[in-house]
Amino acid sequence: MGFTPIKAFIKGGAEFAQKVGLARLEGEYELRKAAGVAAAKAKADNVGKLTYFKAGDVNLTFTESDLKDASARTQGNLTDMVTVLGTDNYQRFVNNAKKEAGGAAKIQRLNTFLKGRVQPFVNLSAVEEKIGDTVKVVKHQDITIPYKQFLDKGYGKEFIENVIAPSYKVEYERFQRKYPKKLGLLTDKKLTSDGYVSYNHVPYLTENVYNSADGQFIVQQANDAAKKLNTPYQKLLGSWQVGTGDELKDVKKQRVIWDVYANLKAAFPREGLDLKNLGSYTQFVSQARKQAYDSGVTPDQFASMLQTFVPSFSSSETRPYIYTTSSARDDAIRNEQSNHLKSEYKIDPEEAAVKASAANQAAGIAGRMVIEFRKNQQDVGQGALQPTVSGVGKTIEGFFGSTGIFAGFASLTDWATDKKGFNQNQVTRSRLQNKLAQYQKNFNQKGVDGQLTSNARKARVEFMKFNLAYAMASAFQGGTGGRTISDQDIENMMAAMKFEYDSSEDIIIESLQTIQSVMRDVATIQDGYRKGGRAAAVSYLLEKTNEGFGVDFSGGGNYANYAIAKLEGKKAGKFNVNLKLVRNPKFISKQQTPNVPKFITVPK
């Protein structure tokens with residue numbers, strides 16, 4: 001077939017398509033070339049204007065505005081800052097940096113840079129007013145209003161505390177007061193001695209948590225407990241916080257104490273406990289106390305919780321009178337409470353105050369010793385079980401030096417000259433005195449190498465044990481009903497401490513921590529008697545609980561027996577609490593009592 005118009009058309013169309021495709025390729029090449037030139041030019045222009053930060057997988061690159069107008073330049077830099085930080089890059093950067101070596105310096109460098117972006121906004125938004133004859137800056141625009149994201153989770157407390165507040169040259173609490181739910185619920189404010197107002201907050205109860213199921217449960221329980229204690233629920237939330245550091249921000253960790261409270265409320269009678277007829281409720285108190293202590297609740301906090309379930313240990317003799325002064329009224333109430341405790345319960349508040357002081361002293365000694373042994377472990381090597389015989393020498397030097405906590409053997413002297421405080425057992429006392437005399441003789445004994453001998457170290461460890469036992473005995477003396485502690489009790493406690501001069505440091509530390517726990521318990525109980533009222537009633541309940549779980553007063557026991565049992569790690573018999581599931585007497589039906597559980601656990 002020869003040449004036809006259709007063939008010419010097809011051939012021409014193909015050539016045209018090729019030319020168009022070639023032109024398109026050439027155009028795209030020129031565009032890429034121009035874009036590359038523009039990018040290179042922009043990069044060259046931005047030399048000195050870019051600031052880089054990197055932590056983990058977070059890379060932040062900030063560009064400095066070169067606009068001449070100060071207001072436009074400030075706005076440009078802020079816009080660039082929030083664009084780079086996005087919704088969560090600040091917190092991601094901080095969290096990554098905390099895991100890296102030198103991370104604190106990275107965070108500080110970023111915060112310093114960001115303050116440089118915020119401070120011009122603060123300065124430009126200053127508002128002046130005439131005060132008297134002087135014009136002063138009285139306020140600045142709040143940057144968290146146009147930039148609400150600064151209060152959100154991706155920025156949050158650390159951003160406000162370390163960037164925004166310093167840029168305004170004010171304390172972080174200024175923003176907490178303005179945004180209490182966003183930055184933690186305000187719990188208390190008071191005037192300090194230097195004339196300033198001090199503010200306290202609950203860091204975990206932010207707006208998101210407040211509106212969550214956990215938050216609403218906590219607030220509901222706090223309101224209930226606060227009404228019984230006649231105190232604002234915010235203050236109770238503040239005083240019943242658990243743990244330290246990051247634990248204070250963890251709502252799951254903080255909910256534990258309110259779970260304990262809710263369980264007690266479900267198990268105890270609606271009208272509260274009858275302290276003269278406690279029945280098996282002390283078993284439930286013991287179980288709740290263990291759960292609370294294991295979760296980080298302090299003895300003081302647990303005692304405060306129990307105040308919501310007990311009557312006051314006070315008579316009402318002061319109510320019919322009007323006193324001339326408030327101090328006269330307070331003195332009358334104190335005397336009334338003291339006399340009531342003495343006559344009704346055989347408890348002397350003044351004696352209780354002395355015991356509380358001694359218990360705190362014993363807890364302090366044990367705590368100080370733990371710190372010293374921990375330091376010694378760090379010196380020897382992390383995780384090493386260094387025997388006392390070779391590792392404790394330099395540690396106990398600090399105890400017995402001129403500034404040590406046992407300087408001058410004051411406790412030994414007090415005990416040796418004491419004629420009235422103890423129920424003296426002359427046989428036991430003679431045995432103890434002979435032992436201590438031998439220890440004192442060996443106290444500075446050194447070998448041919450000039451180092452302390454094992455006898456010297458043993459003597460020093462025994463003196464530590466004696467001082468602790470003496471402080472504990474001072475706290476235990478008397479007990480409920482005026483019982484006294486004997487010299488035999490001191491010897492028994494020394495034997496129960498479970499550490500010898502050749503024991504490992506970890507064994508000693510465990511024993512000391514047990515002592516510290518027991519003595520804090522005793523201090524809380526005795527301090528409650530000193531205070532009177534509901535606090536004294538709680539102390540009575542705790543004593544009765546201890547009586548049923550380690551202290552058999554009817555068999556002639558006392559708190560020394562309780563301490564010894566704890567030190568020996570007894571967990572059988574009275575130390576076990578067996579629970580059973582029973583129908584909750586407060587439950588009617590799901591419709592009528594939807595928030596009341598149908599069954600509760602109670603002691604068997």
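Accessible areas here come from the Shrake-Rupley method with a 1.4 Å probe. On that basis, the chain's accessible surface comes to about 32,700 Å², and carbon and sulfur atoms account for 51% of it. Keep in mind that this is a predicted model.

**The chain as a whole**
- You're looking at 604 residues, of which 43% count as buried.
- The chain has 23 helices and eight strands.
- Take the contacts with a separation of 6 or more: 63% of them are between residues 24 or more positions apart.

**Where α12 and α21 cross**
- Helix α12 covers residues 299-306 and helix α21 covers residues 505-531; their axes come within 9 Å and cross at roughly 40°.
- On the α12 side, P299, D300 and A303 make the contact, while α21 brings R520, D521 and T524.
- Sorted by class, that contact has three charged residues, two nonpolar ones and one polar one.

**A closer look at T524**
- T524 sits in helix α21.
- Is T524 buried or exposed? With a relative accessible area of 10%, T524 is buried, because the cut-off for buried is under 20%.
- Leaving out residues up to four places away in sequence, T524 touches P299, D300, A303 and S539.

Definitions and conventions
Residues numbered from 1 in each chain as written. Predicted model: local features only at pLDDT ≥ 70, side-chain atom pairs only at ≥ 80, totals over all residues. Heavy atoms only, no water. Axes fitted to C-alpha atoms, helices over the stretch in contact; angles between N-to-C directions. Helix = DSSP H or I, 4+ residues; strand = E, 2+ residues; numbered from the N terminus. Contact = heavy atoms within 4.5 Å. Nonpolar A, V, L, I, M, F, W, Y, C, P; charged D, E, K, R; others polar. Buried < 20%, exposed > 50% of the residue type's maximum accessible area, 1.4 Å probe, protein only.
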